[in-house]
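Biologist: Please pick one place where two elements pack together and describe that part closely. I would also like to know what surrounds it.

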Amino acid sequence: DYDFKNLEETFVKSPTKLNAYKKILEEIDLGHSQDSLIEVVLTYLNNKDIDKAEIALGKVELTNLNKAIVLDLKGKIKLKRGEYNDAKDLFLSSINHNPNFVIAYHNLSICYSLLDQNDEALESLNKAISLQEDVSLFYFTLAKLNEKNSNNDAAIKNYKRALSLDKDYEEALINYSKLLKSLGEYEEGMSYLTKALDLTNDTKSIYFKANLQFVYGEYH
């Protein structure tokens, strides 16, 4: 999200990643109609259409097979509405139903972080990584937690890990660049922003390039 009230946070991106959920759906045979409905919910959430996501989720027939992901998505809706304690309870319920449902641990970690329960956030995220260590999203979120705890060395390591798993991870490129800039590594930071710029479409590129130049003090 772009936050123009706090320019230090302007390029801090949301750790939601649609592909991480789609990968899970590919691994769970929910049946075509249910799978399609859940993907509709995910698309709405990705586009921040929270009300539409909630309506679509209400149409999903709850089964033992999909219960963990439905509870998780209900938690995501609460999380996006800022209802963090309710979201936490839903993520915990999802995990209780399926202790190996990796994405719920990740989302629970975000919830704990927003509640300033940093130890619990780190524990949940490490659990997600222990269950599935090849998800770039998890290392992106871990890097953000490292930054929050002023552990820049660990943050650098985890941004690099996220990018090693997904070299086109735009949010990781942007956040890593911002961290490098804060550490005085301007040239390297600009190189990562340039990589992110190369991934945008023409319309986004113009807007993004202007913001890039603003952040790096190139006002003209």
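Modeller: A crossing of two helices is left-handed if the near helix is turned anticlockwise from the far one by less than a right angle, and right-handed if clockwise. By that rule, helix 4 and helix 6 cross in the left-handed sense. The model is a predicted one. Two packed helices are described by the angle between their axes and the distance between the axes. Here the axes of helix 4, residues 67-80, and helix 6, residues 102-114, come within 10 Å, and the crossing angle is roughly 25°. Helix 4 is therefore roughly parallel to helix 6, since angles under 35 degrees count as such.

As for the residues involved, helix 4 contributes Asp72, Lys76 and Leu79, which meet Ile103, Ala104, Asn107, Ile110, Cys111 and Leu114 of helix 6. Sorted by type, the residues of this contact are 6 nonpolar, 1 polar and 2 charged.

The surroundings come next. In soluble globular proteins, nonpolar side chains tend to be buried together. In this model the largest nonpolar core holds 55 residues, and Leu73 and Phe138 have the most contacts inside it. Helix 6 gives the most to this core, with 8 residues. Leaving aside residues up to four places away in sequence, Phe138 touches Val102, Ile103, His106, Leu125, Ala128, Ile129 and Gln132.

Technical notes. Residues numbered from 1 in each chain as written. Predicted model: local features only at pLDDT ≥ 70, side-chain atom pairs only at ≥ 80, totals over all residues. Heavy atoms only, no water. Axes fitted to C-alpha atoms, helices over the stretch in contact; angles between N-to-C directions. Helix = DSSP H or I, 4+ residues; strand = E, 2+ residues; numbered from the N terminus. Parallel < 35°, antiparallel > 145°, perpendicular 65-115°, else oblique. Contact = heavy atoms within 4.5 Å. Nonpolar A, V, L, I, M, F, W, Y, C, P; charged D, E, K, R; others polar. Core = buried A, V, L, I, M, F, W, Y, C linked by side-chain atoms within 4.5 Å. Buried < 20%, exposed > 50% of the residue type's maximum accessible area, 1.4 Å probe, protein only.
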